[in-house]
Structures are given as structure tokens and as C-alpha cells.
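Morning, everyone. I have one structure to walk through today. Please bring it up on your screens.

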Amino acid sequence: MHTFFNTTIRQLLCALALIAGSAVSAQAQTQTQTQTQTTSENALYSGLGEKAGIDKIVADFIPLILADQRINQFFSKLDKAQFAALLADQFCELAGGPCK
């Protein structure tokens, strides 16, 4: 089960990266030259909507985890609010944001 969960998280992060890559690409095409360009270090973070966007993704993701009968037993005794905050911080850091 632990391997399954790690694979699921990796798949989620890959999907988020693809979605954010598409969003960043579309944004870059419409951006004028006078606007500040997104730096490569935080392009994914910006594409995800920064902290507010990541918080929304996590808020939508947590109920999916809790409803999944294959993995929800791993999360049954968690403090859901703390788990959401830690997961959002982890996604933020992995996306190149300022969270640590």
C-alpha cells in the first residue's frame, strides 16, 4: 500500500506539473513585453496560482483521498486541517514557491 500511495502522489504531482505548464504557456503567450516575465524558478508555482491556488487544489484533493477506499485508512486518524496545511506547504515548496 505504501508504494501505491507514493505512486499516486507522484502521478498527482506530474499531472499538476502538466496542468501548470499549460497554464504558464497560455499566460506567456498573452503577456506583453512590458510586463515582468515569470522566472523559471517559480513558473510552476505561479502557474498553480501561487499559495491561494495550491490551497484550492489541496482543498479539492483531500476529500478525494478520504473517499478513496483503497487508501483512506491511512488518513483516518489525521488532523485534517494540519494535513491540508502541510500538504499545501509541500506542494508549494516542490513547485518553487516560498514555502518551507
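First, the ground rules. This is a predicted model, where local features need pLDDT of at least 70, side-chain atom pairs count only at pLDDT 80 or more, and totals for chains, interfaces and linings use all residues. Residues are numbered from 1 along each chain as its sequence is written, and side-chain values use heavy atoms, with hydrogens and water left out.

Now the chain. It has 4 helices and 0 strands. Both are DSSP runs numbered from the N terminus: H or I with at least four residues for helices, E with at least two for strands. From the N terminus, the order reads α-α-α-α. Of the 100 residues, 28% are buried. Buried means under 20% relative accessible area, exposed means over 50%, and partly exposed is in between, with a 1.4 Å probe and protein chains only. The accessible surface comes to about 6700 Å², and carbon and sulfur atoms hold 60% of that. Those areas come from the Shrake-Rupley method with a 1.4 Å probe; for residues, only the protein chains shown count as cover.

Contacts next. A contact is a pair of heavy atoms within 4.5 Å. Take the contacts between residues at least 6 apart in sequence: 66% of them join residues at least 24 apart.

On to helix H4. Which residues of H4 are buried? They are Phe83, Leu87, Ala88, Phe91 and Cys92. Viewed down the axis of H4, these fall within an arc of 165°, so they line one face of the helix. The arc is taken from the directions from the helix axis to the C-beta atoms.

Look at the ends of H4. Asp79 caps the N-terminal end, with a side-chain oxygen 3.2 Å from the backbone nitrogen of Ala81. After H4 comes Gly96, with a positive phi near 95°.

Now Lys80. It lies in H4, which covers residues 80–94. Lys80 counts as partly exposed because its relative accessibility is 35%. Leaving out residues up to four places away in sequence, Lys80 touches Leu66 and Phe75. Pro63 is 17 residues from Lys80 in sequence, and their C-alpha atoms are 9.9 Å apart.

Last, salt bridges. The criterion is a side-chain nitrogen of Lys or Arg within 4 Å of a carboxyl oxygen of Asp or Glu. The whole structure has 4. One of them joins Lys51 to Asp55, closest N and O atoms 3.1 Å apart. Those two are 4 residues apart in helix H3, residues 50–67, so about one helical turn separates them.

Together, Lys51, Asp55 and Asp89 form a network of salt bridges. Lys51 is partly exposed at 27%, and so is Asp89 at 26%.

Another bridge joins Lys56 to Asp60, at 3.0 Å. Both sit in H3, 4 residues apart.

Definitions and conventions:
A polar contact is a pair of N or O atoms within 3.5 Å; within protein, one must be able to donate a hydrogen and the other to accept it, and residues adjacent in sequence count only if both atoms are side-chain atoms.
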